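Student: Hi, I'm new to this one. Could you walk me through it?

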Amino acid sequence: RFVDVELAPPVPVFALTARYREDNHPNKYNLGVGAYRTDEGLPWVLPVVRTVESQMAADPILNHEYLPVCGLDSFCKAATKLVLGEDAASIAQNRAAGVQALSGTGALRLSAEFFKRCLGMNVMYHSKPTWGNHLGIFKHAGFTEIREYRYWDASTKGLDIKGMLEDLRAAPEDSVVILHACAHNPTGVDPNPSEWEQIMQVVRERRLFPLFDSAYQGFASGDLDRDAYAVRLFEKAGFEMMVAQSFSKNFGLYNERTGNLVIVSADPESLRRVRSQMEVIARPMWSNPPNHGCRIVATVLGNAAFYAEWKDNIRTMSSRISDMRRLLHEKLRQLKTPGNWDHITNQIGMFSFTGLGPKQVDYIINKYHVYLMKNGRINMCAVTTGNADYIASAINDAVTN
Ligand code: PMP
């Protein structure tokens with residue numbers, strides 16, 4: 001019984017936050033977890049979300065009835081349109097639709113379960129490095145072949161497109177390839193349009209299955225359409241594909257578990273069958289999804305004034321991140337920190353992949369109480385005008401020490 005149970009290893013990002021919480025140092029900063037922070041270092045409820053929430057609280061019609069297994073229809077439709085585009089042919093031809101899931105993680109899990117059970121797939125490719133949960137999600141769905149494609153080039157601190165294409169060319173048919181739609185986590189390095197074309201060509205030639213992970217739409221460029229570029233490129237080219245969408249970051253709805261799995265199929269009949277299988281998978285996992293977050297998203301996306309306000313809120317977040325990139329870069333330059341730190345301003349999205357090694361990371365945590373991921377990833381939103389000097393000196397000390 002329980003006495004025989006082995007202690008499982010902690011989840012790195014949550015363990016880091018726990019260490020941070022226990023630390024009593026006055027100048028402690030958590031650059032680990034990927035959540036937006038204001039310049040005061042505080043979590044931010046988007047003003048448009050606050051407004052919709054107060055309307056919902058006062059609405060006498062809303063209730064807590066179960067949603068359908070595949071979720072709130074108005075949410076799934078609006079979310080699907082947000083990523084595929086208003087004019088997507090697959091939507092007009094009734095061969096694209098969404099299934100609500102427990103945020104991005106749940107959407108990925110739903111897709112993995114489907115690939116394994118209904119398509120018999122067993123090989124998944126992810127970028128090296130990637131968001132750690134990609135491995136766990138596919139492993140627990142029963143994939144036994146989890147492989148990497150080269151992505152990050154440590155020497156250029158940019159994309160290793162040659163390595164990526166070589167690895168994908170060597171992938172067996174019917175492998176699932178996870179592609180970060182934008183703002184790659186953890187590197188903050190995305191392919192450019194011509195690189196996306198080349199990736200698409202290999203995916204087509206090798207008959208691989210594209211699964212886009214879209215957790216940061218709006219965060220890469222501040223422009224929702226631009227951040228959906230790669231997804232729309234594949235959709236226009238006629239691929240069958242899926243997109244795991246998260247609204248944790250772009251709506252700040254982290255704990256509401258608001259997500260959507262977009263299915264783009266070759267024809268409406270196949271779509272209907274795939275969706276029916278998604279119900280069979282979701283029912284014994286979570287039965288039906290939560291309501292609060294998806295109702296907020298559906299309300300905002302369905303109302304022109306709210307939608308405009310939301311875009312403004314996103315710009316507030318993405319421009320603060322760009323400002324912090326410039327500030328940290330400037331501070332390191334002033335300190336004459338050895339090495340080239342241009343990648344801090346060149347990378348996009350929420351994170352910067354600093355290039356700091358595990359020893360330097362430990363040094364910074366222990367001496368400065370600045371918490372960052374072992375792989376050197378820092379959350380740029382946790383940098384503020386108030387702490388940038390301190391963080392820059394911590395990095396400078398670790399590099400020069
Ligand atoms: N994919 C990537 C690349 C992520 O960074 C995240 C959030 N850390 C997710 C998916 C999913 O997050 P959530 O389940 O909170 O939507």
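Student: Great. What kind of model is this?

Tutor: It is a predicted model.

Student: How many helices and strands are in the protein chain?

Tutor: The protein chain has 15 helices and 13 strands.

Student: And what does UniProt list for residues 27-395?

Tutor: An unreviewed UniProt entry lists them as "domain: Aminotransferase class I/classII large".

Student: How much of the protein chain counts as buried?

Tutor: Of its 401 residues, 47% count as buried. Also, among contacts with a separation of 6 or more, 76% are between residues 24 or more positions apart.

Student: Okay, new topic. Which domains does the assignment give?

Tutor: Domain 1 covers 2-45 + 319-400, and domain 2 covers 73-290. Their C-alpha centres lie 27 Å apart.

Student: How many residues are in contact between the domains?

Tutor: There are 17 residues of domain 1 in contact with 17 residues of domain 2. On the domain 1 side, strand β11 (residues 351-353) gives the most, with 3 residues. That side of domain 1 divides into 9 nonpolar, 7 polar and 1 charged.

Student: What about the ligand, which residues are closest?

Tutor: The ligand is surrounded by 13 residues, and the closest are Ser103, Gly104, Thr105, Trp131 and Ser246. Helix α5 (residues 103-119) gives the most to this shell, with 3 residues.

Student: And how does that shell divide by class?

Tutor: By class, the shell around the ligand has 9 polar, 3 nonpolar and 1 charged residues.

Student: Last one: where does Tyr307 lie?

Tutor: Tyr307 is in helix α12, which runs over residues 304-334.

Student: Why does Tyr307 count as partly exposed?

Tutor: Tyr307 counts as partly exposed because it has 17 C-beta neighbours inside 10 Å, while a buried residue needs 20 or more and an exposed one has 12 or fewer.

Student: What is Tyr307 in contact with, leaving aside neighbours within four places in sequence?

Tutor: Tyr307 is then in contact with Val300 and Leu301. Its C-alpha atom is separated by 9.5 Å from that of Val297, 10 residues apart along the chain.

Definitions and conventions. Residues are numbered from 1 along each chain as its sequence is written. This is a predicted model: local features need pLDDT of at least 70, side-chain atom pairs count only at pLDDT 80 or more; totals for chains, interfaces and linings use all residues. UniProt positions are given in the numbering used here, feature names are shortened, and annotations may be inferred rather than shown by experiment. Helices (H or I, at least four residues) and strands (E, at least two) are DSSP runs, numbered from the N terminus. Two residues are in contact if their C-beta atoms, placed from the backbone, lie within 7 Å. Domain bounds come from an automatic or database domain assignment. Ala, Val, Leu, Ile, Met, Phe, Trp, Tyr, Cys and Pro count as nonpolar, Asp, Glu, Lys and Arg as charged, and the others, Gly among them, as polar. A residue is near a molecule or strand if its C-beta atom, placed from the backbone, lies within 6 Å of it.
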